[in-house]
Amino acid sequence: MTRRNIPAPTGETPTSDQASGVSGEQLSFLPTPPFCPSWPKRGALADRALGMLMDGRLIDHPDFENSTQSWRLGAVIFTLRALGWPVETIEVPSPTEHSPDRVIALYRLDGKFTAQALAMNGGAA
């Protein structure tokens with residue numbers, strides 16, 4: 001992969017690609033694995049998070065905690081991924097006075113996976 005310098009516009013924070021000097025994504029010559037997730041146990045935190053994601057919501061820790069009274073969203077997302085759910089992480093800079101490098105995570109599930117999962121499950125979540 002070739003590294004090249006991608007300048008950030010003056011006065012703006014560089015993107016991760018600009019900061020690392022890499023542009024584009026790595027190509028893979030391996031076929032993508034088939035989408036065949038397992039469903040979490042009914043009523044478990046993973047099930048509740050999956051429901052939020054399948055509703056098309058972007059969720060973060062405060063959303064999850066307000067809905068479930070649990071602050072363990074990172075562990076729940078790890079569980080969903082282990083079950084085969086391709087949950088995406090969007091990292092958002094969220095600096096504070098005491099933590100200028102702070103980044104928070106938003107989680108989402110692409111709608112195509114929701115549709116495929118519902119079709120595999122006979123239309124029921």
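**Figure 1. Leu53, Leu80, Trp85 and Tyr107 touch the most other members of the largest nonpolar core, a group of 20 residues.** What you see here is a predicted model, in which local features need pLDDT of at least 70 and side-chain atom pairs count only at pLDDT 80 or more, while totals for chains, interfaces and linings use all residues. Residues are numbered from 1 along each chain as its sequence is written, and side-chain values use heavy atoms, with hydrogens and water left out. A nonpolar core is a set of buried Ala, Val, Leu, Ile, Met, Phe, Trp, Tyr and Cys residues joined through side-chain atoms within 4.5 Å. Buried means under 20% relative accessible area, exposed means over 50%, and partly exposed lies in between (1.4 Å probe, protein chains only). At least two residues of this core come from each of helix 2 (45-54), helix 4 (73-82), strand 2 (103-108) and helix 5 (111-120). Helix 2 gives the largest share, six residues. Helices (H or I, at least four residues) and strands (E, at least two) are DSSP runs, numbered from the N terminus. In soluble globular proteins, nonpolar side chains tend to be buried together.

**Figure 2. Leucine 53 and threonine 114 touch each other.** Contact here means heavy atoms within 4.5 Å. Setting aside residues up to four places away in sequence, leucine 53 touches Ile59, Ile77, Leu80, Val87, Tyr107, Arg108, Leu109 and Thr114. Threonine 114 belongs to helix 5, and its relative accessibility of 10% makes it buried.

**Figure 3. Ring pairs join Phe35, Trp39, Trp85 and Phe113 into a cluster.** The structure has three aromatic pairs. Rings of Phe, Tyr and Trp (its six-membered ring) pair if their centres lie within 6.5 Å; planes under 30 degrees apart count as stacked, over 60 as edge-to-face and the rest as tilted. Phenylalanine 35 and phenylalanine 113 make a tilted pair, with 5.0 Å from centre to centre and 45° between the planes. This pair links distant parts of the chain, 78 residues apart: phenylalanine 35 is in the loop between helix 1 (16-20) and helix 2, and phenylalanine 113 is in helix 5. Both phenylalanine 35 and phenylalanine 113 are buried. The ring centres of tryptophan 39 and tryptophan 85 are also 5.0 Å apart, but their planes meet at 70°, so this pair is edge-to-face. Tryptophan 39 sits in the loop between helix 1 and helix 2, and tryptophan 85 in the loop between helix 4 and strand 1 (88-93), so the pair ties together parts 46 residues apart in sequence. Tryptophan 39 is partly exposed, with a relative accessible area of 30%, whereas tryptophan 85 is buried at 1%.

**Figure 4. Arginine 48 in helix 2 reaches serine 67.** A polar atom of the arginine 48 side chain lies 2.7 Å from the backbone oxygen of serine 67. Leaving out neighbours within four places in sequence, arginine 48 is in contact with Gly43, Ser67 and Thr68. Arginine 48 has 38% relative accessibility and so counts as partly exposed. Valine 76 is 28 residues from arginine 48 in sequence and 9.5 Å from it in space, C-alpha to C-alpha.

**Figure 5. Here are the two ends of helix 3 (61-68), with aspartate 60 at its start and glutamine 69 following it.** A side-chain oxygen of aspartate 60 comes to within 3.0 Å of the backbone nitrogen of aspartate 63. Glutamine 69 lies in the loop between helix 3 and helix 4. Its phi is near 60°, a positive value in a residue other than glycine. Most residues other than glycine have a negative phi. Glutamine 69 is exposed, at 62% relative accessibility.

**Figure 6. Arginine 72 places its charged end over the ring of tryptophan 71.** The distance to the ring centre is 5.6 Å. A charge sits over a ring if NZ of Lys or CZ of Arg is within 6 Å of the ring centre and within 35 degrees of the ring normal.

Conventions:
Polar contact = N/O pair within 3.5 Å; in protein donor to acceptor, adjacent residues only side chain to side chain.
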